[in-house]
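Have the sequence and the model open while reading.

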Amino acid sequence: MEMVTDNNEQSTCYYLPHHGVFKPDKMSTKLRVVFNASALSFNGLSLNDIQMNGGLTQEDLFSIMLRFRKHKFVFSADIRKMYRMILVDLQQRDLQRIVWKNGENDNVKTYKLNTVMYDTTSALYLATRVLHQLVKDEGQCFPLAATVLDSDFYMDDVMTGDVSLEAVRELQTQLIRLLATAGMELHKWRTNASNLRSNISEENEYSFSCSSKTKTLGIACDHLTDCFSFKVLPGPQNTKRAVLSNIARIFYPLGILGPVITVDSNGILRVGGRLEYSNLTDNQKHPIILPKSHRLTKLIFVYSHLKNLHGGPQGLLCPVRQKFWPIHGRNLSRKIVNDCITCFRNKPVVANQLMGNLPAERITPIFPFNVCGVDFIGPFLVKPVAQGRITARKMFVAIFVCFVTKAVHFELVTDLTTEAFIACLKKIFARRGKSSIVYSDNATNFVGAQSELKRLSNVTQA
Ligand SMILES: [Zn+2]
């Protein structure tokens with residue numbers, strides 16, 4: 001930070017609002033300054049608005065953590081005040097101005113911050129890019145550290161290790177020296193190798209901490225027991241909402257942590273659920289969870305497929321689920337049936353119905369029911385209340401289906417006589433307009449109605 005003595009305002013400059021955040025429970029920095037680079041200036045833009053984030057230059061957290069798990073001896077540390085060790089280009093520093101006064105009666109002074117500012121959009125990129133540059137510039141003298149600085153750092157945290165104690169010692173020394181070339185220093189060392197801690201305890205500055213528990217990359221890990229731990233605070237009520245909210249708060253990039261049950265007395269994971277009081281067997285109530293692609297899971301599926309005489313995928317999944325709960329079971333079931341050579345050889349060829357072209361009446365647009373089909377359903381027992389009848393009588397329903405629009409019209413018909421059908425036909429014509437063609441199945445009443453209508457037509461034409 002340097003004081004701005006030149007009273008002439010630069011054409012491009014930005015004043016960062018800032019305030020202190022006091023956290024008495026913090027071990028290292030109890031009072032922290034927070035800068036707000038998102039505060040809008042007079043032209044409606046903030047410092048963050050005009051910065052680019054530069055993208056990610058480091059490996060993703062997932063790969064780093066996976067690699068970390070494979071080492072026999074591991075350690076973690078972080079770079080002390082990494083951002084403060086990196087100078088910003090001279091021309092850019094006027095964008096990082098603050099105003100400050102030491103006491104109530106002091107004059108307000110203007111300062112500009114010379115180093116990379118956290119809480120700004122480009123900060124992470126600038127800092128991690130510097131680490132990569134350090135590898136390019138000085139890495140050839142520290143080959144072990146160069147590889148680790150390139151691939152095992154996430155922001156300012158390192159999580160790495162090696163196969164032997166000697167290798168880890170050498171790696172530590174190289175890392176310290178490589179970062180020292182840029183004036184950076186590693187601290188908060190943690191390791192799982194007790195020898196390593198006692199061996200270098202005389203080097204106070206770079207000694208490994210005796211406490212095995214640390215929070216690295218946002219995850220609490222215990223290097224001695226080789227365990228990641230997660231703090232879950234159960235609420236006063238273990239409602240579904242409370243449990244889901246707790247799960248959502250757990251940060252674990254490897255994604256293999258989740259709530260599990262009814263680990264039973266044999267240490268077997270089972271599905272939970274609310275079937276405790278049902279009379280199903282224990283296996284059906286709480287089936288054993290099977291991993292997706294484990295050999296045993298496949299063997300159980302193959303066994304069940306053979307035992308059930310080569311049934312289809314659905315027929316295979318059902319008996320398996322009587323006892324087990326395979327993860328992604330449907331996919332596996334399909335795969336096992338697809339891969340079965342016996343099933344493949346005996347696969348019957350399914351005959352397909354040859355479909356003809358649709359008749360012109362079905363596909364020529366015209367008003368509804370102009371071309372329709374008719375059929376009867378019934379008989380239904382109906383009590384005609386209006387006629388004061390006590391006993392029920394048989395009635396039928398005529399269904400008219402429009403060939404073009406597929407609209408359906410129901411009409412109650414008193415019996416199967418020609419007269420009754422003609423009465424019904426009159427009703428639908430009155431409601432829907434006259435049809436030009438009505439298709440039927442040549443039942444007696446339809447044929448009778450046709451002859452009656454033809455006779456009437458001849459009479460009227462004569
Ligand atoms: Zn089969």
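## Helix packing and nonpolar cores

Helices α8 and α9 are roughly perpendicular to each other, because an angle of 65 to 115 degrees counts as such. In this predicted model, α8 covers residues 295-307 and α9 covers residues 313-321; their axes come within 9 Å and cross at roughly 115 degrees. The crossing of α8 past α9 is right-handed. On the α8 side the contact is made by I300, F301, S304 and H305, and on the α9 side by L316, P319 and V320. Sorted by class, these residues are 5 nonpolar and 2 polar, with no charged residue.

Two packed helices are described by the angle between their axes and the distance between the axes.

| Helix pair | Angle between axes | Distance between axes |
|---|---|---|
| α8 and α9 | roughly 115 degrees | within 9 Å |
| α13 and α14 | about 75 degrees | 8 Å |
| α3 and α4 | about 75 degrees | 8 Å |

The second pair joins α13, residues 418-432, to α14, residues 444-461. Their angle of about 75 degrees makes α13 and α14 roughly perpendicular to each other. Here T418, F421, I422 and L425 of α13 meet N445, F446, G448, A449 and E452 of α14. This contact of α13 with α14 has 5 nonpolar, 3 polar and 1 charged residues.

From α3, the residues L144, A145, A146, V148 and L149 meet E170, L171, Q174, L175 and L178 of α4. The classes in the contact of α3 with α4 are 8 nonpolar, 1 polar and 1 charged.

In soluble globular proteins, nonpolar side chains tend to be buried together. How many residues does the largest nonpolar core have? The largest nonpolar core has 37 residues, and those with the most contacts inside it are A145, L149, L175 and L178. Elements that give two or more residues to this core include the helices α2 (123-138), α3 (143-151) and α4 (165-180), along with the strands β4 (73-79), β8 (157-162) and β9 (186-191).

With its neighbours within four places in sequence left aside, L178 is in contact with L134, E138, F142, A145, A146 and L149. A second, separate core has 14 residues, among them F369, C372, V374 and A398.

Technical notes. Residues are numbered from 1 along each chain as its sequence is written. This is a predicted model: local features need pLDDT of at least 70, side-chain atom pairs count only at pLDDT 80 or more; totals for chains, interfaces and linings use all residues. Axes are lines fitted to C-alpha atoms, for helices over the stretch in contact, and angles run from 0 to 180 degrees between N-to-C directions. Helices (H or I, at least four residues) and strands (E, at least two) are DSSP runs, numbered from the N terminus. Angles under 35 degrees count as roughly parallel, over 145 as roughly antiparallel, 65 to 115 as roughly perpendicular and the rest as oblique. A crossing is left-handed if the near helix is turned anticlockwise from the far one by less than a right angle, and right-handed if clockwise. Two residues are in contact if their C-beta atoms, placed from the backbone, lie within 7 Å. Ala, Val, Leu, Ile, Met, Phe, Trp, Tyr, Cys and Pro count as nonpolar, Asp, Glu, Lys and Arg as charged, and the others, Gly among them, as polar. A nonpolar core is a set of buried Ala, Val, Leu, Ile, Met, Phe, Trp, Tyr and Cys residues joined through C-beta atoms within 7 Å. A residue is buried if 20 or more other C-beta atoms lie within 10 Å of its own, exposed if 12 or fewer, and partly exposed in between; C-beta atoms are placed from the backbone.
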